[in-house]
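Visitor: I should like to learn how to read a model of this kind. May we go through it feature by feature?

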Amino acid sequence: MTTALTTSVPSGATRSVGRQEVSALRRLLKQPSAAAALTVVAILVLIALMAPLITLATGTSPTQFHSEAVDPALGGLPRGAAGGISAKHLLGVEPGSGRDILARVVYGARVSLLIAVLATGLSLVLGTTLGLAAGFFGGWADAVVGRLMDLLLSFPSLIFMIALISAAPGVNRELLLVVVLGFFGWPYVGRIVRSQAMVLARGEFVAAARVLGASRRALLLREVLPNLSGPVLVVATMSIPSYIATEAGLSFLGIGVRPPTPSWGQMIASAVPWYAADPVYFLIPGACLFVSVLAFNVLGDAIRDVLDPRSQRR
Amino acid sequence: MNAPLLEVQDLVKRFPVRHGLTRRLAGYVTAVDGVSLRVEPGETLGVVGESGCGKSTVARLITRLIEPTSGTIRVAGRELHKLDEAAIRTVRRDLQMIFQDPFSSLNPRKTVRQILTAPFRYQGLAPDEPVEHLLERVGLRPEHAARYPHEFSGGQAQRIGIARALALRPKLVVCDEPVSALDVSVQAQILNLLKDLQDEYRLAYVFIAHDLGAVRQISTRIVVMYLGTVVEAADRDALFAHAAHPYTHALLSAVPLPDPDAERARERIVLRGDLPSPLNPPTGCPFRTRCPKAAEICTAERPALRLIAPGQEVACHFPEPLTVEGTP
C-alpha cells in the first residue's frame with residue numbers, strides 16, 4: 001500500500017455516536033473546511049455518476065481519437081494554447097492521440113471512485129466481521145485474528161500486488177485491484193473494530209442484555225454492532241482517499257487499470273514524457289487526484305472530530 | 001415457611017491472575033470465599049462492605065454473569081449451575097439486575113422503547129404491557145419512549161434501568177449499588193421508588209451498597225462482607241442496635257448523624273491500614289490486620305460464622321457484647 005492508513009479512532013467515538021446523530025451532520029457542516037470537503041466529494045461523485053451524460057453533452061468519448069486536434073509536425077503536440085483547450089475540448093486533448101481530456105478525466109473519476117469504494121466496502125466487511133469476533137469472543141478467536149492482522153500489516157503488500165498482477169495477466173484488473181486492496185486493507189479496520197468491540201463487550205449494557213437472556217448472536221448483532229458504526233464510518237472515509245491514491249500509484253506503475261480504460265494514475269504516467277512541452281496534460285489528472293484525496297481526508301478528519309467530543313477544535 | 005427465593009451456599013469465586021507475555025498463571029484472587037445467603041420472597045437483603053470486598057462479584061455470580069468456582073445458587077428451588085442455556089434463560093424471567101451506572105447500562109444507540117421491549121424480545125415473549133405503562137410505573141412520562149438514554153438525567157436513566165429490570169415481572173432483583181452514582185437528593189427518590197415497587201409486586205431485592213444509610217432504609221436483613229467473606233449477618237434493627245463484629249462497628253461509626261450535637265459526640269473508629277491484598281490474604285481471620293481486638297487465636301484460626309443471638313450471626317473470636325453502644 002503506498003499510503004499507510006494511520007488513523008486512530010478514539011474510544012470516545014462509540015459513546016457519542018448515538019447521542020447526537022442529527023446534530024452531528026449539522027456540527028459537521030458548521031466547519032467551513034468540512035462543508036467545502038463534503039461539497040467537493042459530492043461534486044466528484046456526481047461527476048463520476050454522470051460521466052456518460054457529460055461526454056454526451058460535449059460530444060466526445062474517452063476513447064475517441066481526434067487527429068485534427070494534434071499537430072503531427074510537432075510530434076503530436078495539441079494544436080492551440082494550454083494543451084489544446086478549446087470550445088470543443090474544454091480541458092484540451094491528449095498529445096499524440098488527441099483524445100479528449102475532459103472525457104478521460106470524468107471516466108477516470110468513475111474508475112478511481114468505484115475501485116476505492118468497493119475496496120473500502122470489502123475491507124469494512126472483512127474488518128468488521130473478523131474484528132468483532134476477535135474483540136467480542138477473545139481467547140482463540142482473538143489470537144488467530146490478531147496474528148493474521150499482524151501478518152498482513154507487516155506484509156510487503158505493494159510488492160505482492162505488483163507480483164500478483166504481473167503473474168495474472170488475463171484477469172479483470174479492476175476486480176483484482178478491489179480484491180487485493182480490500183484484502184490488505186481490512187486489518188486497519190479490524191484493529192479498530194477489535195479494540196472497540198472489546199470495550200463494548202465488557203460494558204454494562206451488554207451485561208444487562210445477558211441478564212435479560214440475550215443469546216450471543218443477539219449480543220453481537222443487536223447490542224455491540226450498532227455501537228461500532230461511528231468508528232467504522234471514520235475508517236471508511238479515511239480509507240477511500242488512501243485507496244484512490246494506491247490505485248493511482250499502481251496505474252502509474254502500469255499495473256493498475258489497463259488502457260484504454262482511463263484512470264488518473266495512468267494519465268499522469270503517460271503525461272510524464274510530455275511535461276515540458278504540454279504541462280496542462282500533466283496538471284489536470286494530477287489536480288483531480290490531489291483535490292479528491294485532500295477532500296476525502298479533510299472530510300474524514302472532520303467526521304472524527306464531530307464524533308469525538310474530546311478532540312473538538314474551535 | 002416455603003423454600004427461600006434465593007439460597008446461596010458456600011459460594012466461591014477465584015479469578016486467575018496472569019503475568020507477562022506468556023500469560024503465565026501467577027496465582028488466584030479469591031474474590032468471594034465461601035459466602036452463603038438466603039433471601040425470602042418480598043424481603044430485602046442488604047449487602048455492605050468497602051470496595052473490593054467481593055459484593056459486586058456476588059451480584060454477578062447470582063445473576064450468572066460469571067460462573068462460580070464452587071458452591072450452589074438456588075433460585076426458587078432451581079439449581080442454577082445445573083441448568084443449560086435455555087433453562088437459565090427461563091430462570092432469568094424471575095431474576096433481574098439493576099446496575100450501578102445508569103448510563104453505561106443502557107445501550108446509547110437504542111431508544112427507550114427499544115430498551116424496554118428488549119427483555120421480551122430476548123425471552124421470545126410478546127410484550128404483555130405497553131412501554132408507556134412501564135414508564136409510568138417508574139415515574140417517567142409516556143413520551144419519553146422515543147428518546148435516547150443521553151437525553152435523561154442520571155436519576156431518570158436509573159428509572160429506565162429499573163423499568164427494564166421489572167419488565168419481565170421478576171421475583172428477585174439484584175441491585176448492584178443502584179444509587180451510588182446518583183446525587184443524594186435523587187438517591188432518596190430512587191430508594192422510595194424501589195420500596196414502592198417492592199410493595200406493589202412483592203419483589204425481593206439483594207441490595208448491594210457501600211453506604212449503610214441507603215441499606216438501612218431499604219433492607220430487612222443485612223450482610224456485612226469483608227475480603228470475600230461474610231463477617232456478620234443480622235436483621236436490620238439488630239445490626240444497628242448491637243453490631244457484634246468489630247468491622248461492622250467501624251462501618252457504623254462512619255455513618256454521619258443528622259443531629260449536630262450527636263454528630264460531634266459520635267465516636268469514630270478509624271481503621272488503620274488498607275484492605276489486605278486478596279491475592280495474599282491474611283491467615284486466620286481476614287480482618288485481623290486492621291482489628292483493634294486481634295489476638296493470637298485470630299492469626300491461627302479463622303472464625304466461623306456462628307449464631308450469637310436470634311437472627312444474628314457473626315464470624316469473630318471476640319464479638320462485642322450485645323448490650324453496648326451503636327445507634328439505637
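Visitor: In chain A, where is confidence lowest and where is it highest?

Guide: This is a predicted model. Confidence in chain A is lowest in helix 1 (residues 12-17), with a mean of 41, and highest in helix 9, at 92. For chain A the average pLDDT is 80, and 82% of the residues score at least 70.

Visitor: How should residues 1-20 of chain A be read?

Guide: Where pLDDT is low, the predicted coordinates should not be read in detail. Residues 1-20 of chain A have a pLDDT below 50, although the model gives this stretch 57 contacts beyond near neighbours in sequence.

Visitor: Is helix 9 of chain A mostly covered or mostly open?

Guide: A residue counts as buried if 20 or more other C-beta atoms lie within 10 Å of its own. In helix 9 (residues 204-211) of chain A, seven of the eight residues are buried, among them Phe205(A), Arg210(A) and Val211(A).

Visitor: Against which elements do these buried residues pack?

Guide: In chain A they pack against helix 8 (173-201) and helix 10 (216-224), and in chain B against strand 6 and helix 3. Just after helix 9 of chain A, Gly213(A) has a positive phi of about 100°.

Visitor: How many residues does each chain give to the contact?

Guide: Chain B gives 20 residues and chain A gives 19. On the chain B side, strand 6 (95-98) and helix 3 (112-123) each supply two or more residues, and helix 3 of chain B gives the most, with four. By class, that side of chain B has nine nonpolar, seven polar and four charged residues.

Technical notes:
Residues are numbered from 1 along each chain as its sequence is written. Chains are lettered from A and ligands numbered from 1 in the order in which they are written. This is a predicted model: local features need pLDDT of at least 70, side-chain atom pairs count only at pLDDT 80 or more; totals for chains, interfaces and linings use all residues. Two residues are in contact if their C-beta atoms, placed from the backbone, lie within 7 Å. Ala, Val, Leu, Ile, Met, Phe, Trp, Tyr, Cys and Pro count as nonpolar, Asp, Glu, Lys and Arg as charged, and the others, Gly among them, as polar. A residue is buried if 20 or more other C-beta atoms lie within 10 Å of its own, exposed if 12 or fewer, and partly exposed in between; C-beta atoms are placed from the backbone. pLDDT is the predictor's confidence in each residue, from 0 to 100.
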